[in-house]
Structures are given as structure tokens and as C-alpha cells.
Amino acid sequence: MWTSLGTVTESAGRRAASCRFWAVVLGAAAGVFLLGFLIGWFAKPTEKTSVSPHEDMKAAFMAEMKAENIKQFLYNFTQLPHLAGTKENLNLAQQIQAEWKEFGLDSVQLVHYDVLLSYPDDTKPNYISIIDEHGNEIFNTSLSEPPPPGYEAVRDVVPPYSAFSAQGIPEGELVYVNYGRIEDFFKLEREMKINCTGKIVIARYGKIFRGNKVKNAELAGAKGVILYSDPADYCAPGVNPYPNGWNLPGGGAQRGNVLNLNGAGDPLTPGYPAKEYTYRLDKASGVGLPKIPVHPIGYHDAESLLRNMGGYGPPHSSWKGNLNVSYNVGPGFTTNYSTRKVKMHIHSHNEVRRIYNVIGTIRGEVEPDRYIILGGHRDSWVFGGIDPQSGAAVVHEIVRSFGKLKKKGWRPRRTVIFASWDAEEFGLLGSTEWAEENAKVLQARAVAYINADSSIEGNYTLRVDCTPLMYRLVYSLTKEIPSPDEGFEGKSLYESWYKKNPSREYKEVPRINKLGSGNDFEVFFQRLGIASGRARYSKNLNVEKYSSYPVYHSVYETYEIVEKFYDPTFKNHLTVAQVRGGLVFELANSIVLPFDCRDYASAVSNYAHIIYNLSRNHEEELATYNVSFDALFSAVKNFSEVAASFHERLQQIDINNQLAVRSLNDQLMFLERAFIDPLGLPGRPFYRHVVFAPSSHNKYAGESFPGIYDAMFDIKNKADQHEAWDEVRRQISIAAFTVQAAAETLKEVA
């Protein structure tokens, strides 16, 4: 399926030349029979004796990428903080622009937008205090993190804060809400009868996106949220805190935005690019802004806040972390300290600032109007040793390697666009604004988007999240890449990946995850319906239960933590570069797009059965309200049959017939688009993919058939059961229509 034009032309030419040769030598004496025999013989597939131009160039591209270069790029990118909206991040953008030009790209532009960002007040620091009955501050949290060795003199390190927090100085009783998930608040409110209204809640980081925690607290009536990193979630057992190990020190805290944008992009210009001419909402009316103050702290400070908690004990052992405290829920402190309260002092402010994307292009030689996009962000909370610069360094090396081939006279079949996004940490703003500005062109021309944030979040095995269209491409590519893992010398990446993380859904293949959100692929996949994927090296998720990686979004994300602990030889970075770069190369150069719609059919069928099985927890209601999944299963069956038929036609294609190739490629390219509902999901108009969306309860996680799932979520507690089940029926009908409509796009063109 991924045969290149060069392969076929060369092979066919070889056969024709051989036939002429034998015809001349044997002449008429051989007779018609012998000639026919030889033609038939040479038409058969033969063993590969030489590589095709496509494979030759791909091998040269893969060999060009060097671990040492990635290491040097990471060092260069991590010496200063690069917070979005600052001079340092503009300087880095200009440096990347200059180097991409030097690497040989056809064009490299800085593209700016004016978006809403959020910063602490330099003159009035944010902190939390415990106060006595007279309002005296008995304890205050730290104003900054102790700097890592060697970075003491670095200026402009932004202290830990929750971007886009509301301003305020609320005071009240403290309630511990575990991870702040919706089920945690249900436990408190419904089972323990604890009312969070008017309280300040403290939640530990982990399990779900921090913005969802804040939203849940708001809905529960809380007047403020304190977020902290518990050692149970941010310290690996038996590992020292940085700098002697890679765990989070007690004074470290996780920065991050606490928006609930649901794909809107810049809060003041939802749906439209934040250019000079654009109409803006009032700052107070921005999309997704929290209405209550929020602040993050380290676990040393958290221990002081939680030490004397009174009220109810933890409802379950799963509510206990690894601090030396009771994990009592509250409200408030124990009897001896019952007059004490917690007070938040939050003075951060939101302001419109200019951000800059770097957009580089290599024009395609055959199909310049078909785009493959490789993008990753550049802005970081502080030094960004892992997030994002381990990804940005890999992108830089991929760009350099593509440029090296171009300087030798090669061009990709399709246009390749490279992007260094700005303001990802503030809500995926740079990528979303660019996609909004170019939406019409992207919908017509974009083949695929490959995301390139952090290259490592562990050093155990590969992790891939992508559209089902790319499954087979990913498996094929990883079989060609050597594994960097100890004990797998001489074996492929595919083999080590499969051994360490086999699929739970499909037999005898490695696991590939659904795309959720929390990264720059969101607008391309969830809003525009452009096939997307991402790859990085990760931890052993079966054993390493801590959240993300311990020093995530702290000052301790340095070059040294990567070089000393995570990937000293940078072999994993190189492997990720080969996966990301290899995906881009195949997508840009294969004559027939390396998408397999049969895998989409299998996935859709699997997800339909999962959502149906979930509904069977409500058998009585399904019957009472006449809820049926028959239409969805019928559409899934039709889609599977049409996908199989399309694949058969694809095998018969004459790849010298450029019009036929283009026609089938367009059907493959537009298949992802066919799952887009222009009306979007209920309450989330910028999430438009009917099969996949970020979970409503955790932005980081992907949900399948999200419209149906959300309609059934906690349905037993809905006040109007008839209305609730009516919405389930509506969502099933939307899903059935969309799957059937997608099937129609794959049918043979009349």
C-alpha cells in the first residue's frame, strides 16, 4: 500500500528491459509459449535486490538524525525561561526561524496573534495563609521554589501560579476533596453530606486535568481552590528528590492554566483568529475563565495545611496520600485549632499580549496542495527541560534532516509544514489561533497532523495516541526502527513496544491510545477532522502509578534532569525523532496515503459495543423509554462493509493513473472529516468529532462516542428521566447518521 511511484517505475522498467533482452536472444525459436511464460514470470513479485528511491531517501533521512544534535538543541533551548508573551520566548522564536532558514526550508515565517494571557503581580505575590480568630497570619506558604543548582542567578523565573485564576482574598474553612474529580465531590456531597459551599477546598494534583478540578469545585460552591502535589502522585518509590534523583522536591509546585476552554482557543476570540481586526469579548466575559481564586503549592506547604484537619476521616484508603497527616476531610481544623481558617491571597491578572508561531514550509513536488503538518510548542513555564523542549529539540533535528535532503535536490511529494507553537501552556492558543485563521485551507488540503510535545515522560517504552487511520502505518514504521531498550538489542521498536505494552483491545499488536486533548493536536483533530497522531517515550503505566512525571511544570524541569536521569545517551529522543519524522516522511511521500480505513471500522465497531454495554446497566430504562442502538449497529455494519470494499479497490489501483490515485487519496484524506458534526457536542461547540472527544470530566483523556457517553453519565440522578433518556436517543441518532454518512464517502464514485 505504501509503494512509491519510484518503486513501480523502476521495477516495471526492469521487467520491460529484461523481456526485450530475452526476446532478442531467443527470437522466434522460443515461440509464443516461451515468450508468454517469461512475461508471466517477470510479472511475478521478485525478491528485492535494490532499494527504491523512496526507501533510499527514507533511509537517508532516518540515518541523518543524530542523538548528539538533539542533545545540543535541548541544551540550547533550556538555558533561560521561555514563558509565552515574554521577550525571551520571542527571541527563541527568532532563533528558530533563523536556523530553519539555514537548514534550507523554502519559507519560514513568524505569525503573531494577540491573545489573553495571565501573570502574577510582581509587587503583590500570591500565597496562602492560616489565620487565627483575630486575622493574624500564623502560617504562610512559600512565595517561590528553591532554585535548582546552577540556576540561582537566572532571572525572570515565574513563581508557581495557576494561570487565569480569578483575583481574590477569600477566607474560610478548608475541605480536602481528594483529586477533585466529580466522583470525589459526589462522595462528599451525596454520601458524607458535606457541603462545600463557601468553603476553600484543597485537592491533590493527578488523575484529571487541573481545569476540571476547578470547574468541579466551582459547581460545588467552593470559594477558592488550593492545588498541591502529593508524594503519592509525584514521587516514585525509592527515588531521591532532584537534584540527587528525579523526584519532585517538597518545595516544588506545578504551574498550569485552569481554564475550561473546551477547544475555544483565545478566551476573548472564540472561533476566530486573534488578529488586530478581530472583535473581542470583554475580559471578564472570556470563555472558560474560572470565577474563583486558585493556587498551587508544594507538598511541604500542603502538609502544614492538612496537618490539623478535623471533621470526618477519609472515606476510603484511596483518599490517603503519602504525607504524614490524617487526610481528614474537614470541614475546618480539629477542636484545638477550630477557630483557625485558611485565607488565599491571589493577585494575578489577565492581559492581552502578542504571541508568535514559527511556520516553516517545504513545498511538495507533485501535490503541493496537500499538507502534512508537524507541530510542537516552544513556550515553557520555566526551563522546559522535558515539556516542551525535549519535543522542540526533536522537531529541530527533523527539520534539519529534511533540509539536508532538500539541499541535495530532493523534495517531498506533498508539502510539509513545520510549526513551533506559542502559548500552548495557556490553553493551546498558538496552534488554535493559526488553525482558526487557516481553517478553510486546512479543511480542503490538510492530510495529517503529527504532534511533537515532550519526547519523553519516562524511559520504559513507546507510547502512541492516534486516529485509527494511522494504526497500520505506526505498526509498519516501528518494525523498521531499532529498539533502544536494554535487552532488545538487534530487535525492532515494534517488538519491545509490543512486549512491554500489548493492546487490550486487539490481538498481538502494541497498545495505541485514543486521542484526548491537553495538547496542540486538539484543534486539528477535534474541530477540523484532520487525521492526527502523537508519539513519545513513556513510563511503565502498569507499575509507575505516579502522575505524569514528578517535576512536571516545576522549576526542576532542567536540561540536567534529562541528561542525568531520563535519557543520558539521548537514544530515546532519537527513537522518538525517527517515529515522528518517519510518520511525516511516509505521509508526505507515499503515492497512496498510508491510511487504512478497515482499522477505523474495527475501532468504531469496538466503541459501539462498549457504549452499548454501558447502557445495559439501565435495562429497565432502555425498555421504558424505547432506547435502541439498532440504528448505530446497522451504520457500523455498513461502514465495515464499505471500508472492506474500498480497501479491495485500493489494492487494484493503477498507480500510474494519477487521477485515480488522487481520487482515492482524497477519499482517505476526507474520511476523518466525515466524522465532524458542524454543530459540535452539546455545550462544547468546538469539539465536533462524533467518535472521539476529550472527556467532559478529564480533558486529558479521550472518550469514544462522547455525545452518547455524556448523555448517560450519572443519568439516574437526573431530575427529568424522560428528558434525560430522550437526549440519549438523540445522541444515538446523531452517531448513527454520522457513521453512515462516513461510509457513504468511501463508496465508489459514480
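User: Among contacts in the chain between residues at least 6 apart in sequence, what percentage join residues at least 24 apart?

Analyst: A contact here means heavy atoms within 4.5 Å. In this predicted model, residues at least 24 apart account for 79% of the contacts between residues at least 6 apart in sequence.

User: How does the radius of gyration of the chain stand against that of a compact globule?

Analyst: The idea is to set the chain against a rule based on its number of residues. For 750 residues, a compact globule would have a radius of gyration near 27 Å, and the chain, at 28 Å, agrees with this. Along the principal axes, the C-alpha atoms fill a box of roughly 115 × 70 × 55 Å.

User: What share of the residues is buried, and how much accessible surface does the chain have?

Analyst: Buried means under 20% relative accessible area. By that cut-off, 58% of the 750 residues are buried. The accessible surface comes to about 29,700 Å², with 52% of it belonging to carbon and sulfur atoms.

User: How many positive and negative side chains are there?

Analyst: The chain carries 80 positive and 85 negative side chains. The centres of these two sets lie 3 Å apart.

User: How many helices and strands does the chain have, and in what order do the strands of the open sheet run?

Analyst: There are 23 helices and 19 strands. An open sheet is formed by 4 strands in the order 3-2-11-5, with antiparallel pairing. Its edge strands, each pairing on one side only, are strand 3 (137–140) and strand 5 (171–172).

User: Which residue stands opposite G172?

Analyst: Strand 5 pairs with strand 11 (residues 341–345) in the antiparallel sense over 2 bridges. G172 stands opposite V342 in strand 11.

Key. Residues numbered from 1 in each chain as written. Heavy atoms only, no water. Rg over C-alpha atoms; globule rule 2.2 N^0.38 Å. Buried < 20%, exposed > 50% of the residue type's maximum accessible area, 1.4 Å probe, protein only. Areas by Shrake-Rupley, 256 points an atom, 1.4 Å probe, with all protein chains shown as cover. Lys, Arg positive; Asp, Glu negative; His and termini not counted. Charge placed at Lys NZ, Arg CZ, Asp CG, Glu CD. Pairing = 2+ DSSP bridges.
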